[in-house]
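Student: Could we go through this structure together? I would like an overview and then some individual residues.
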Amino acid sequence: MKPVSEERSAPEQPPPWTGPAAKSERAVPLDLPGFLTREHHRVHLVGVAGSGMSGIAALLIELGHTVSGSDKVSTTETDRLQRLGLRFREQHRPEEAGTADLIVFSSAIKNDNPILVSARNYGKPIVRRAEALAAIMRSKRGIVIAGMHGKTTTSAMTAHVLREGGLHPCHYVGAEIPVLGTNAHWDSRGQYFVAEGDESDGTVALFRPEHTLILNIEEEHLDFYADLDAIEKVFAQLITQTAGTVFYNLDDKNAARVCRSLARGISYGFADEADYRAVDIRLTGFASTFRVDHRGQDLGEAVLNVPGQHNVHNALGVIALASELGIAFEKIAKSLAKFEHARRRFEIKYDSPRFLLVDDYGHHPTEIRATLKAARSVGRKRVLTMFQPHRYSRTKALRKEFGRAFDDADRVVVTDVYGSSEAPIPGVTGQIIADEIVGHGHRGVSYQPRLEWVHRAVGNMLESGDLVLSLGAGNIHEQLSALAADLVIAEKLKELVGEGGDVRLYEPLSKHTTLRVGGPAQFWVEPRTEKAFAELIRFCGDENLPLFVMGRGSNLLVRDGGVRGVVVHPCGGDFDKIEIDGVEITAGVGAKLKEVAYAGKAAGIGGMEWMEGIPGAVGGGLRMNAGAMGAQTFENVVRVRYLDANGEAHTKSRDELEVHYRDFPLLEKNFAVSAVFRGQPAPLEEIVRKLEASQEKRRTSQPAAKSAGCIFKNPDSCPAGKLVDELGLKNAHVGKARVSEVHGNFIVNDGGATAADMLELIEKIKATALAKRGIELETEVQIVGEPG
Ligand code: EPU
């Protein structure tokens, strides 16, 4: 939950208990604080799953009310509240208004919501979330934490320190805080109520607290405020309504200007004149240490286990406040050392010696700069960032500032705007932020409008030593979680292939197919030894991960959504070896067929010249029983070594193997490791002549452009290329996929073709061949992967 993320559609109105001047068309109880904290009623919350609303629900339940709530979605929060006694409906039914004594509504709820309409008809009292909160708080000594950045952390820290100090505070903060247990809690034993104030819609001015802590004041929420002046006015009103002390950050120029002249003000910061001052500050990785000076008196040392200089400021504010409430410094320091971060505030999602994944809610340029600075100070090699702009209005208003906020990131992937409940503003997309960052001179920025692909973009950049940071107040953290989940597997795969092998996440298969088409492999793994390959097979079996082997990708069409699971690319090491023994050539599956032909030439072995014309590797040649110049792979093969589904190695000779035209079924469930080819002694001139003939045939009858070789198997009645030619389909195209004018059985990629283009063209050819010639063409090219 998070108050600032709520959208406002309801009219701004002063709280009903502020006096007769308050004009309201809504019926409200005259004494809302008494109604909510001293009596028991039936209260219905409209939009109960919303940010902020779940906290109110929790407080009302603890206060003894009979609480019901409705929302169009259920969440883990509504599930938790139901266990506490909330009656929840995933629908806004007008009848709810009839049975409730009071309706509380989220500012995300539109005026024509059926429950609100019905409540107005019934004349039932209706109040906004912030009004309910302010009223509940009035029955206690209120402490409001206000400011643009750091409210949730600081209000949680305050509640935690007061709780540890034995003051039994009630609290209401903008996120689930592990150290506090829940986002809101009513404690009848204590006098204080700590709340995060929401300045985003001016409702912070509803509070009449005893104390206020002002962290910073800056241009924000410009969808609601005209300018900084208007923002400062709301803060000024909150200060006027504060009965006791106003604690403020002297290092923040706007907060200092607004508060400096206050007689009831107590300042904190790094500046010499601050009443509470941090000195000897040491920022190390995730922790900070500093001493606190109170008007010339050294209070002692504080250790903070949340990173960044901004958190030293936040902690100082808490120290000032708690000290003035009479808690001993030693006690405060001890509690601060135990304080853990709120969810989504520099939350570590994955930590290994090679990678660190951190999520942060930062969505304002100032927060982003502070968080990136903290990320940089952790000491990993690079900082990669995924950023989701939050709200169209903020994206538009602060685009220039966003452009300058990412200097501390080595790479930034920007996705599209998370609108919250705002309607899109034409022309305002993540692209404008990416452009601003580029315009500012950053060289590692890209834009990925599809949110669900962001983790792939960042994951594919990963190198050992990287810190990945997700930034934004929307749902970008889900992308970091997706990356973290895959990284767990990737690291295990890396262990299996060892130092020599390679593992990459989301490797674009367009880089590994001759057609230059195809989405990413979830896990791209390059083992270098037969042993590592065998272990991979066993691991995938145990983990239920699909495993697909890919050689040089010459006969392959990978769909645009890529391949799920592990794509094994056996290359290098054992797999590229070629050894000659008499007229036999043993070649690993990663060696190119072409290289086998040339090894034969070097050793005076003929009969393999045709392999010169095949762009694939030995593994692919075996799998497809590839052929050219009237010959085919298994005419030369004498033995095949392979691993079975359990990773056990076997060797079989040619006569034990079942082989068909362009098909070797054994490799459907087994994995070739190497093969022995046999030729015959031949004079060098004869070998050279045959090699040249093959080259010549290829040069004159096949396109040089990017292709996957022949697309269709040759039907018995007529070679497929001839058939396509006769059907007049040469140069037929879909997008950038085109039937070659050189050879009808080749589809070429004119640059930027997609698998979808290719598949559509293939279907058109098949349909035409069937309709006009009654021939059912069958694809020779292997088609794999998920649709895009
Ligand atoms: N033809 C046409 N028009 C065309 C293409 C071919 O009339 O646009 C005629 C040719 O003139 C020839 C006949 O069709 O009379 C067969 O063509 P080609 O000799 O090019 O052989 P292919 O059967 O189309 C096969 C393999 C190729 C291999 C060549 C060269 C198949 C499906 N294809 O092609 O292998 O390179 O022989 O030996 O068996 C591959 O499998 O990916 C591949 C490229």
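Student: To begin, how many residues does the protein have, and what share of them count as buried?
Tutor: Of the 788 residues of the protein, 58% count as buried. Please bear in mind that this is a predicted model.

Student: What about secondary structure: how many helices and strands are there?
Tutor: The protein contains 23 helices and 40 strands. Its C-alpha atoms fill a box of roughly 105 × 60 × 45 Å along the principal axes.

Student: Which share of the contacts joins residues at least 24 apart?
Tutor: The share is 67%, counted among contacts between residues at least 6 apart in sequence.

Student: On to cysteines. How many disulfides are there?
Tutor: The count comes to 0 disulfides. Take Cys718: the closest cysteine sulfur is that of Cys710, and it is 13 Å away, so the two are too far apart for a bond.

Student: Is Cys718 buried or exposed?
Tutor: Cys718 counts as buried because its relative accessibility is 7%, and the cut-off for buried is under 20%. Cys259 is also buried, with a relative accessible area of 0%.

Student: What is the setting of Ser717, and is it buried or exposed?
Tutor: Ser717 sits in the loop between strand 36 (707-710) and helix 22 (720-726). Its relative accessibility is 58%, so Ser717 counts as exposed.

Student: A helix next. How far does helix 7 reach from its first C-alpha to its last?
Tutor: Helix 7 covers residues 151-164, which is 14 residues, and reaches 20 Å. That is close to the 20 Å expected at 1.5 Å a residue.

Student: How many residues of helix 7 are buried?
Tutor: Helix 7 is mostly covered, with 12 of its 14 residues buried. Among them are Lys151, Met157, His160 and Leu162.

Student: Which residue with a positive phi follows helix 7?
Tutor: That is Gly166, whose phi is near 80°.

Student: Which residues other than glycine have a positive phi?
Tutor: Asp280 is one of them, with phi near 50°. Asp280 belongs to strand 13 (residues 276-284), and it counts as exposed because its relative accessibility is 52%. Asn731 is another example, with a positive phi of about 70°. Asn731 lies in the loop between helix 22 and strand 37 (733-734), and at 38% relative accessibility it counts as partly exposed.

Student: Now Thr385. Where does it lie, and what does it touch?
Tutor: Thr385 lies in strand 18 (residues 382-387). With residues up to four places away in sequence not counted, Thr385 touches Leu372, Phe406, Ala409, Arg411, Val412, Val413, Leu469 and Leu471.

Student: Why does Thr385 count as buried?
Tutor: Thr385 counts as buried because its relative accessible area is 1%, against a cut-off of under 20%. From Thr385 to Leu357, C-alpha to C-alpha, is 9.9 Å, and the two are 28 residues apart in sequence.

Student: And Lys373: which residues does it touch?
Tutor: Lys373 touches Gln309 and Asp408, leaving out residues up to four places away in sequence. Lys373 is part of helix 12 (residues 365-377), and it counts as partly exposed at 49% relative accessibility.

Student: Finally, where is His65 found?
Tutor: His65 is found in the loop between helix 2 (53-62) and strand 2 (66-70). It is buried, with a relative accessible area of 6%.

Student: What is in contact with His65?
Tutor: Aside from neighbours within four places in sequence, His65 is in contact with Phe35, Leu36, Glu39, His40, His41, Val43 and Leu60. The C-alpha atoms of His65 and His44 are 9.9 Å apart in space, and these residues are 21 apart in sequence.

Definitions and conventions
Residues numbered from 1 in each chain as written. Predicted model: local features only at pLDDT ≥ 70, side-chain atom pairs only at ≥ 80, totals over all residues. Heavy atoms only, no water. Helix = DSSP H or I, 4+ residues; strand = E, 2+ residues; numbered from the N terminus. Buried < 20%, exposed > 50% of the residue type's maximum accessible area, 1.4 Å probe, protein only. Contact = heavy atoms within 4.5 Å. Disulfide = S-S within 2.5 Å. Expected span 1.5 Å × (residues − 1).
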